[in-house]
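User: I'm new to this one and would like a close look at a single part of it. Here is what I have open.

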Amino acid sequence: MRTTFGRAVVAVMCAALISACSQQPPPAPAEPTQPLDTRPTEPPAADPSVPVASGNTPAAADIAAIAGLNASFDPARDPQADLETAKVEAQRGNKRIILDVGGEWCSWCHLMDKFIEGDAEVRRLRDANFVWMKVNYSEDNENTAFLSQYPQVKGYPHLFVLDADGTLLQSQFTGELEMPKGEGKGYQRARFIAFLEKWAPPR
């Protein structure tokens, strides 16, 4: 009798322990739902003052620095530093360099800018084959030391075509690219395209 009762007690206790062990722990409280962040992401701001000293600079700085070369005739810019930037980009993109010598005072310089920007084919040839770099010549800064490396300039704008390493290939008097007399003031499309195609790098 005692043995049977003891066995029954043990069985009941074992059953209770097994039941307790098999119970699932209570579920953890759910994390509160986070609201969706719908704020627009601002693109990184490029700093045009950061020069491209090597091919390992950030892409945004590269783009800004290259755009700065052709932004305006700025007497405060250092053309020698700009040329180093242009050489890095030219070598990286298998391009040549065109030095556009002029000034904000020069009406023909502005005519050339408008002509290039207004003609998709001319612009495509320029951008695909050349790094275009403006060099200021004005009363504020004649950039004498820099320009003394190149042939004498007869008039403005004047274009120097350089190889990717900075070697001079052509000194181009832009009067030869203008419209023939009697056909208006500006640059002749066929002459300008022929000039760009002649001096484009071999592909």
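Which backbone nitrogen does a side-chain oxygen of Asp119 reach at the start of α5? And please take me through the rest of that helix.

Analyst: It's the backbone nitrogen of Glu121: the Asp119 oxygen comes to within 3.1 Å of it at the start of α5. That's a polar contact (N or O atoms within 3.5 Å, one able to donate a hydrogen and the other to accept it; residues adjacent in sequence count only if both atoms are side-chain atoms). Bear in mind that this is a predicted model, where local features need pLDDT of at least 70, side-chain atom pairs count only at pLDDT 80 or more, and totals for chains, interfaces and linings use all residues. Residues are numbered from 1 along each chain as its sequence is written, and side-chain values use heavy atoms, leaving out hydrogens and water.

Helix α5 covers residues 120–129, and its buried residues (under 20% relative accessible area, 1.4 Å probe, protein chains only) are Val122, Leu125, Arg126 and Asn129. Seen down the axis, these fall within an arc of 95° (taken from the directions from the axis to the C-beta atoms), so they line one face of the helix. They pack against β1, α4, β2 and α7, with contact meaning heavy atoms within 4.5 Å.

Now for α4. Its axis and that of α5 come within 6 Å and cross at roughly 100°, so the two helices are roughly perpendicular (65 to 115 degrees). Phe115, Ile116 and Glu117 in α4 meet Val122, Arg123 and Arg126 in α5.

Terms used. Buried means under 20% relative accessible area, exposed over 50%, partly exposed in between (1.4 Å probe, protein chains only). Helices (H or I, at least four residues) and strands (E, at least two) are DSSP runs, numbered from the N terminus. Axes are lines fitted to C-alpha atoms, for helices over the stretch in contact, and angles run from 0 to 180 degrees between N-to-C directions. Angles under 35 degrees count as roughly parallel, over 145 as roughly antiparallel, 65 to 115 as roughly perpendicular and the rest as oblique.
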